[in-house]
Amino acid sequence: MKKLVLLMLIVALVVPMALFAQGSQEAATGSQEDSKMGGVLVFGRSGDSVSLDPGRETDGESFYATTAVYDTLVEFVPGETAVQPALAESWDIEDGGLTWTFHLREGVKFHDGTPLNADAVVFSFERQFVEDHPYYDQGPWKYWGYMDMDNIVDEVIAVDDLTVQFKLKKVEAPFLANLAMDFASIVSPTAAAKYGDDFKNNPVGTGAFKFVSWTKDSDIVFERNEDYWDGPVYLDRLILKVIPDATSRWLALQKGEVDLIDFPSAEDLPAMAETDGIQLIQQPGLNVGYLALNTQKKPFDNKLVRQAMNYAIDQEEIVKAVYGDVGQVAKNPLPPTIWSYNDDIEDYGYDPDMAKKLLAQAGYADGFEMELWAMPVARPYNPNARKIAEIMQAQLAKVGIDAQIVSYEWGTYLDKTDMGEHQAAMLGWTGDNGDPDNFLWVLLSAPAAELPAGNIALWKNAEFTDLIGRAKEVTDQAERTELYREAQVVFHEEAPWVPIAHSVVTIPAKEEVKNFVIYPTGKRVFKHVYFED
């Protein structure tokens with residue numbers, strides 16, 4: 001009896017203490033989460049978005065904004081190219097890879113209060129490829145075309161309210177990764193109907209932030225989505241602020257006018273590293289900057305001239321002057337950070353005498369005049385296109401080529417290069433899904449040369465397209481690697497580009513900005529970023 005009484009006393013004491021400890025732990029966890037809540041984060045970037053509809057655009061500045069508003073069925077693991085569930089909790093693959101069935105999360109809502117369901121997913125995709133869809137004419141749906149999705153997706157079916165099925169025309173090795181890309185964002189059909197063609201300026205998704213306002217060439221304002229399915233979202237507001245000049249962005253960060261900035265000048269990096277209160281967030285970029293030579297216009301319809309351009313341009317001088325220690329000379333269309341990169345290829349190198357010899361063989365012994373298009377904004381693959389253009393201009397003059405530098409507003413620049421109006425234009429790419437296909441097919445295949453073109457060299461090489469087309473349809477990575485390595489050899493010989501550089505991506509930020517992760521795919525994601533204390 002005494003033992004029983006003693007045991008009862010111990011239980012009476014221990015259980016409340018355990019409950020108290022559990023409550024204290026939960027309170028501490030809640031307190032830690034509460035301490036992260038709040039604040040307005042201002043991100044200083046180099047240029048403005050073209051529009052806020054991720055299905056219509058292809059540029060990173062547009063995606064910076066749409067990533068805040070929209071989610072995809074699957075998403076990339078932060079800082080990686082591996083894929084994880086997002087709006088779809090799980091998926092099944094049947095029919096040898098021709099049928100993909102996705103199971104949606106229950107209870108997710110768009111910012112306008114309407115539910116996420118299978119019909120919304122079908123709408124988001126069908127508007128991009130079903131020609132009699134009521135919203136098909138709001139395109140062009142450039143990325144859908146660049147990715148050759150018309151030849152991949154047969155139909156998208158709502159099986160039930162929370163189940164969506166994709167029927168494919170052929171096996172597509174990177175299909176799942178493609179669905180994590182911005183063009184595959186799920187949009188609100190109700191909002192699309194409400195705003196019509198102006199939906200591109202009034203985005204409504206399921207994402208971490210709700211759109212508030214857009215002042216063109218100034219800023220875009222978002223507010224926290226209190227009901228976010230992958231919460232909590234810590235920031236009260238997110239502001240994307242346009243500051244075109246790199247030095248001005250750095251000054252704004254020093255003054256506290258912004259909290260982190262994009263694309264710093266290489267010249268400013270040493271000072272940033274030594275400045276109290278500033279952190280440098282860095283990661284090797286999955287990118288390439290290049291000069292595309294329009295193979296449908298003289299003189300770049302001649303392979304010898306294209307090869308001469310590669311010999312005439314000194315990439316090492318460009319990297320040293322513009323990229324500094326965070327740049328690497330490019331020789332391939334793929335970055336060295338991606339699998340299947342062919343390092344056995346020997347770069348052309350800087351050889352003006354060889355350039356002159358090739359020009360003479362091509363019938364241009366006295367050189368020629370050309371337009372050299374330079375981007376108006378800084379990008380991960382090209383921090384200062386104007387400066388690069390000026391260096392190229394001086395180098396080309398040494399072999400008799402008179403290059404006149406041309407530039408346009410960013411949206412106009414993209415539209416004109418898409419339509420092949422240029423002779424030679426600087427552009428670049430940050431891989432959107434971690435697969436070589438996203439570089440080689442989107443930027444260099446024959447189908448991608450159809451207007452509006454992702455392949456702005458307008459290069460249509462049957463051997464190259466056959467190699468990368470075969471690589472899309474096999475799942476064995478070793479086999480795909482060999483095909484891509486062969487394709488890079490063809491690219492090098494035909495020289496539709498002058499590859500310029502790959503870069504390390506650097507984001508300078510205030511030290512109190514926490515949990516910001518650089519994505520290899522170039523995304524800027526703020527849904528779990530917070531201010532320390």
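Okay, let's start with an open sheet of four strands, in the order β4-β5-β7-β6, with antiparallel pairing. Strands here are DSSP runs of E, at least two residues long, and helices are runs of H or I, at least four, numbered from the N terminus. Two strands pair if DSSP finds at least two bridges between them. At the edges sit β4 (88–94) and β6 (153–160), each pairing on one side only.

Quick note: this is a predicted model, so local features need pLDDT of at least 70 and side-chain atom pairs pLDDT 80 or more, while totals for chains, interfaces and linings use all residues. Numbering runs from 1 along each chain as its sequence is written, and side-chain values use heavy atoms, with hydrogens and water left out.

Back to β4: six bridges join it to β5 (residues 99–104), running antiparallel. Which residue in β5 is the bridge partner of D92? That's T101.

Now, the rings. The whole structure has 31 aromatic pairs; Phe, Tyr and Trp (its six-membered ring) pair if centres lie within 6.5 Å, with planes under 30 degrees apart stacked, over 60 edge-to-face and the rest tilted. One of them is F491 with W497, edge-to-face, 5.4 Å centre to centre and 80° between the planes. F491 counts as buried because its relative accessibility is 2%, where buried means under 20% relative accessible area, exposed over 50%, and partly exposed in between (1.4 Å probe, protein chains only). W497 is buried too, at 1%.

Last, charges over rings: NZ of Lys or CZ of Arg within 6 Å of the ring centre and within 35 degrees of the ring normal. K36 sits over Y530, its charged end 4.8 Å from the ring centre. K472 has its charged end over the W441 ring, 4.8 Å from the centre.
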